[in-house]
Structure formats: structure tokens, C-alpha cells
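Trainee: I would like to go through how the parts of this chain meet. Can we take it one question at a time?

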Amino acid sequence: MVEPRAVDDRRWSEETLLGGLGSSARLSLLRAGTAVTFTDGRPLVEQGAAGTHAYLLVDGKVKVSARDANGDTALLGIRVQGDIVGEMAALERTLRSADVVASGLVKARAIGSGELIALSRKYPEIALGLARMTARRLRWANRRRLDFNSQEPRTRVARVLYEVVCGYGKQVDGHWDLGVPLTQAEVASLAGTKLRTAEKELARLNREGVVRSKYRKLIVLDLAELERLALD
């Protein structure tokens with residue numbers, strides 16, 4: 001069984017931009033721009049706004065979501081310390097394509113597009129890291145599309161919960177906290193299901209003792225069974 005990976009302030013995950021860089025390039029990015037802090041629920045990036053800065057996450061987590069023409073919002077992903085957000089609009093000088101909102105306290109570096117481009121030229125590994133990061137995000141999105149076409153809602157919901165707890169979760173009092181608070185609507189968005197379907201599958205997992213809702217938070221009680229359902 002794959003154990004959830006702890007996000008440690010002293011160690012950047014290898015799947016983040018900072019985690020894939022050498023010490024010189026990483027330190028240069030951490031010194032770039034201006035230090036900024038966002039409280040829970042505050043937007044770092046707003047969809048439709050002009051993009052002039054990227055935000056390097058130094059501590060904390062954010063949720064990335066987008067609104068369609070009807071005003072409906074879908075959660076697209078979660079980013080953690082070591083990741084960078086808002087870089088596409090900043091580099092292309094276009095409008096933001098999504099909202100990025102702090103989930104808890106977030107500390108970041110606001111890096112202007114010119115400085116980010118200059119650092120990418122000085123350290124080619126930064127440019128390569130940005131390309132790899134984009135590839136990982138596209139691969140994740142492709143997996144979601146494939147799951148939508150080939151997997152039942154139960155598997156898709158279980159897979160979303162399993163990936164979240166493995167990426168961001170922590171063990172507390174004998175259970176696994178997801179590490180990022182997710183509403184049932186957000187689980188539905190990530191799993192590509194209707195809200196009522198996600199609610200039904202979560203209720204089923206609750207009856208089976210796999211997950212439980214506690215203080216409006218989802219917790220995982222049986223990680224081994226969740227893994228079996230996700231990877232079956």
C-alpha cells in the first residue's frame with residue numbers, strides 16, 4: 001500500500017517545481033519577487049483578471065477552480081508549497097483562466113513576469129521545471145477524462161479521495177485527514193460526477209466504514225479499502 005506523503009516545510013515534494021530544482025535555482029526563486037501572505041478563502045488569482053505575476057507557494061495549499069459561461073464552478077486541482085500558480089497568464093500576458101484561492105494560511109512569493117522569464121533564461125532548469133509541471137498537470141487532467149469514460153462513479157470518487165490523501169493527507173488519531181478540506185461538490189467536480197451521484201457514493205463509503213464526515217470534513221477510516229476501491 002502506498003503511504004500518504006507528508007508535506008514538510010523542510011523538504012519540497014519532488015512533484016513540485018521547487019522539488020525538481022538544484023539548490024542555486026531553487027534559492028533564486030525563493031528570493032525572487034515580493035513576500036505575500038493570504039488568509040483562508042482569499043484569492044491569489046481571479047479568473048478573467050490580467051495576469052502580471054506568478055505566485056510561488058512557500059507554505060500552505062490552494063484550490064484551483066474555474067467558472068463556465070453559466071457561472072457554475074468546478075474544482076480543477078490542488079496546489080501545495082513548492083508549486084507555482086498563475087504562471088501561464090503571467091508569461092503570456094493574458095487574462096487569468098482560473099481562480100486560485102487560499103485553503104488556510106498561504107505564504108508565497110509574487111514574481112513578476114519579467115523576473116520569471118529572466119530567471120528561466122539564467123537557469124534553464126527552471127524553464128524545464130515549468131514544462132514538466134505543465135506536463136504533469138495535463139497528464140492528471142487526461143487521467144480524469146479517461147476515468148470519466150471508463151470507470152464507474154464509485155471508482156472515480158474513491159480514486160479522487162485516495163489521490164488527495166496520498167498527496168496531502170496526514171494521520172491523526174488513527175484515521176487519515178485529507179489535508180485539504182473538500183466539500184461534496186468539490187469531490188464531484190474532481191471525480192467528474194453530478195453532485196447527487198457523489199453524495200450517494202460518499203454515503204455508501206460512509207456506511208461501509210471507509211470514510212466519515214467529521215465536523216464538516218471528510219476523513220478516511222480505512223485507507224487499505226479505499227486503495228482497493230480506487231485501484232480495482
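Trainee: What area is buried between domain 1 and domain 2?

Mentor: This is a predicted model, where local features need pLDDT of at least 70, side-chain atom pairs count only at pLDDT 80 or more, and totals for chains, interfaces and linings use all residues. Residues are numbered from 1 along each chain as its sequence is written, and side-chain values use heavy atoms, with hydrogens and water left out. Buried area is the accessible area (1.4 Å probe) that two parts lose on being put together, summed over both. Carbon and sulfur atoms give 60% of it here, and the area between domain 1 and domain 2 is about 1000 Å².

Trainee: Which residues of domain 1 lose the most area to domain 2?

Mentor: Three residues together account for 53% of what the domain 1 side buries. They are L75, I78 and R144.

Trainee: Where are the bounds of the two domains?

Mentor: The bounds come from an automatic or database domain assignment. Taken over C-alpha atoms, the centres of domain 1 and domain 2 are separated by 26 Å. Domain 1 covers 18-146 and domain 2 covers 152-231.

Trainee: How many residues of each domain are in contact?

Mentor: Contact means heavy atoms within 4.5 Å. Domain 2 contributes 12 residues, and domain 1 contributes 13.

Trainee: Which residue forms a salt bridge with K63?

Mentor: A salt bridge puts a side-chain nitrogen of Lys or Arg within 4 Å of a carboxyl oxygen of Asp or Glu. The rule finds 1 across the interface of domain 1 and domain 2. In the K63 pair, the closest N and O atoms are 2.9 Å apart, and the partner is E186.

Trainee: Which elements hold the two residues of that pair, K63 and E186?

Mentor: Helices (H or I, at least four residues) and strands (E, at least two) are DSSP runs, numbered from the N terminus. The pair links distant parts of the chain, 123 residues apart. K63 lies in strand β3, and E186 in helix α6 (residues 184-191).

Trainee: How many salt bridges does the rule count?

Mentor: The K63 and E186 pair is a salt bridge by this rule. The count comes to 7.

Trainee: What does UniProt place at residues 17-111?

Mentor: UniProt positions are in the numbering used here, feature names are shortened, and annotations may be inferred rather than shown by experiment. Over residues 17-111 the chain is 16% helix and 48% strand, with the end C-alpha atoms 14 Å apart. The unreviewed UniProt entry gives the feature as "domain: Cyclic nucleotide-binding".
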